[in-house]
Amino acid sequence: MSDTFFSGAPHWTWLIILYFFVGGIAGGASFLAAVLDWFGGPEDRPVARSGYNVAAVGAIVSGALLTIDLGRPLRFWHMLFQSANLPAVMFKGWSPISFGAWAILAFGLFSVLAALGGMAEEGRLHNPTLRAVGGAVHGGLAKLVGAVAGLLGIFIAGYTGVLLSVTNRPIWADGPWLGALFLASGVSTGTAALILLGRRRGATEQALARLSAFDTKALVVELLVLVLFVASLGSLNKVWVSFWGLILLVGVVAFGILAPLWLHLQRRPVASAARLVLLGGFLLRLATIFASEGIERYRVTAGM
Amino acid sequence: MSEPMGFFTDTTVCIGCKACEVACKEWNQLPAENGGVRELSGDSYDNTRKLDGIHWRHVRFIEQFKGPYDGRWLMMSDVCKHCVQAGCLEVCPTGAIIRTQFDTVVIQSDVCNGCRACIAACPFGVIDINPVSGTAQKCTLCYDRLQVGLEPACSKACPTDSIQFGAIAELRTRAEKRVAQLKSQGVAAELYGASPTGPLGGLNSFYLLVDKPEVYGLPRHPELPTANLAKSGGLSMASAAVLGLLAIVGLRKRRMDEQGRGGPGNV
Ligand code: SF4
Ligand code: SF4
């Protein structure tokens with residue numbers, strides 16, 4: 001038996017699952033937007049703009065979810081500053097939850113700036129202050145802000161899995177692949193979100209087709225990492241003989257990865273595949289979190 | 001700085017009276033569970049079942065019975081191990097968890113914001129949320145009593161001296177002697193967490209056991225949560241690099257395709 005079975009479950013449930021899902025999409029979308037800004041053409045700019053919008057909204061929702069989930073929500077700032085020693089900063093580089101708090105703050109800041117830049121470009125800002133800020137973020141500065149938002153985004157997509165590995169809990173701490181898995185899933189769900197949004201935001205058919213071609217590759221990477229993750233658990237895989245194992249196999253692998261891959265190969269309309277990718281991304285978080293949360297502190301049984 | 005203080009728990013003399021549990025609850029003013037209506041565990045004479053935010057001591061009953069006349073009871077008063085390398089302290093993002101001058105590990109309830117990272121980080125399942133405070137709580141090794149020269153409430157109450165409080169160095173010598181004594185009587189006694197070179201740099205609450213650690217609900221090789229950090233972080237970066245490359249290459253290639261077809265804007 002793994003030594004992780006003697007630890008206690010942290011009650012990270014629905015709000016955290018939702019955060020992992022939303023944060024992954026926001027991070028992936030922002031990463032993709034930055035890549036499009038730097039390496040794409042001007043016709044990719046509408047997609048990039050909606051990428052930053054997704055990132056900004058996602059970052060704000062993420063912060064809210066994390067705060068509500070705390071036992072003492074009004075003390076959320078204790079993660080950023082030393083509450084008894086102001087204004088000293090609270091930061092532990094080796095604790096994912098600590099550097100994650102700072103990363104979300106920075107990600108929120110840069111993705112909101114990038115989104116404002118995009119909205120100013122579209123002439124959608126009516127508040128004079130916002131218009132001034134958005135107007136300032138253009139040209140070279142906009143690219144720079146976008147790059148920082150993109151790098152922070154890919155970090156946000158992946159650190160959540162690392163956070164789970166840096167515990168002593170079953171499944172999470174029993175293999176090193178969860179960070180890579182969540183990162184790949186963040187990128188694939190972020191791309192899916194952009195495909196769905198891009199259609200409404202005037203993205204060209206070609207742009208959408210390219211996004212979906214990239215999503216195919218991201219899904220293949222995700223599937224590979226998922227196989228490695230499961231393989232790394234070894235004999236512990238018996239925990240998947242459960243409802244959560246069914247969700248992982250049917251919901252994540254079949255509906256969330258294989259079905260969209262098949263749809264892509266069949267050159268079906270990209271939206272249906274994108275919806276399945278989003279569903280799969282959510283179920284991945286659901287299954288990996290609840291499978292571990294459900295394992296009670298190991299109980300001593302008679303006759304051992 | 002005082003010298004490191006802690007507990008040595010000799011499980012062979014524990015009679016399962018739970019005086020330590022009660023003394024702990026009284027001194028630390030911990031609330032009753034379920035409004036005082038106790039649910040029976042149904043599969044054991046032990047109804048506390050686990051350590052959590054309102055049970056900082058738990059007397060574990062290990063009922064090893066093969067038949068009505070063939071078996072034994074093992075009893076162990078479980079508590080926070082006050083690890084020399086403490087996983088909870090390592091990850092706590094608010095700095096609520098501190099190491100005291102007695103080398104014990106204490107959660108400051110006015111700093112904790114209830115993020116629960118420490119719960120998942122502790123290899124022993126010691127910490128949980130106290131629903132009254134909304135913060136993570138566990139044994140403080142009676143930090144308030146220690147500061148005024150009193151011994152912790154639990155060891156004070158223990159009628160058989162199964163829980164012994166003192167300076168770690170002195171407790172270790174005492175524990176070695178007890179192991180030798182038991183071994184000379186043919187009992188397979190072993191210390192758990194007594195060695196400063198062992199897992200987590202030693203536990204400032206260590207045990208004398210007469211069966212495998214797992215039987216007592218203790219992990220054989222407890223580790224710090226950050227043991228996974230480098231590998232997990234490295235693999236994440238590698239997958240980020242692969243996906244980044246795929247994204248960039250995909251888009252670059254497209255540009256060249258378009259140039260081949262007459263340049264951008266012609267699509
Ligand atoms: S036993 Fe758990 S709660 Fe106690 S110091 Fe060690 S890691 Fe922290
Ligand atoms: S729950 Fe409190 S003590 Fe535990 S890690 Fe979070 S802030 Fe620290």
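The structure is a predicted model, in which local features need pLDDT of at least 70 and side-chain atom pairs count only at pLDDT 80 or more, while totals for chains, interfaces and linings use all residues. Residues are numbered from 1 along each chain as its sequence is written.

**Helices H5 and H6 of chain A**
- The axes of H5(A) (residues 139-165) and H6(A) (residues 178-200) come within 7 Å and cross at roughly 150°; axes are lines fitted to C-alpha atoms, over the stretch in contact, with angles from 0 to 180 degrees between N-to-C directions.
- H5(A) and H6(A) are therefore roughly antiparallel (an angle over 145 degrees).

**Helices H6 and H9 of chain A**
- H6(A) also pairs with H9(A) (residues 270-293): their axes come within 9 Å and cross at roughly 150°.
- That makes H6(A) roughly antiparallel to H9(A).
- In this pair, A:Phe182 and A:Gly186 are among the H6(A) residues that meet H9(A), whose residues include A:Leu278 and A:Gly281.
- By class, the contact of H6(A) with H9(A) has 13 nonpolar, 6 polar and 3 charged residues.

**An arginine in chain B**
- B:Arg49 lies in the loop between helix H1 (19-27) and strand S2 (58-67) of chain B.
- With 18% relative accessibility, B:Arg49 counts as buried (under 20% relative accessible area, with a 1.4 Å probe and protein chains only).

Terms used:
Chains are lettered from A and ligands numbered from 1 in the order in which they are written. Side-chain values use heavy atoms; hydrogens and water are left out. Helices (H or I, at least four residues) and strands (E, at least two) are DSSP runs, numbered from the N terminus. Angles under 35 degrees count as roughly parallel, over 145 as roughly antiparallel, 65 to 115 as roughly perpendicular and the rest as oblique. Buried means under 20% relative accessible area, exposed over 50%, partly exposed in between (1.4 Å probe, protein chains only). Contact means heavy atoms within 4.5 Å. Ala, Val, Leu, Ile, Met, Phe, Trp, Tyr, Cys and Pro count as nonpolar, Asp, Glu, Lys and Arg as charged, and the others, Gly among them, as polar.
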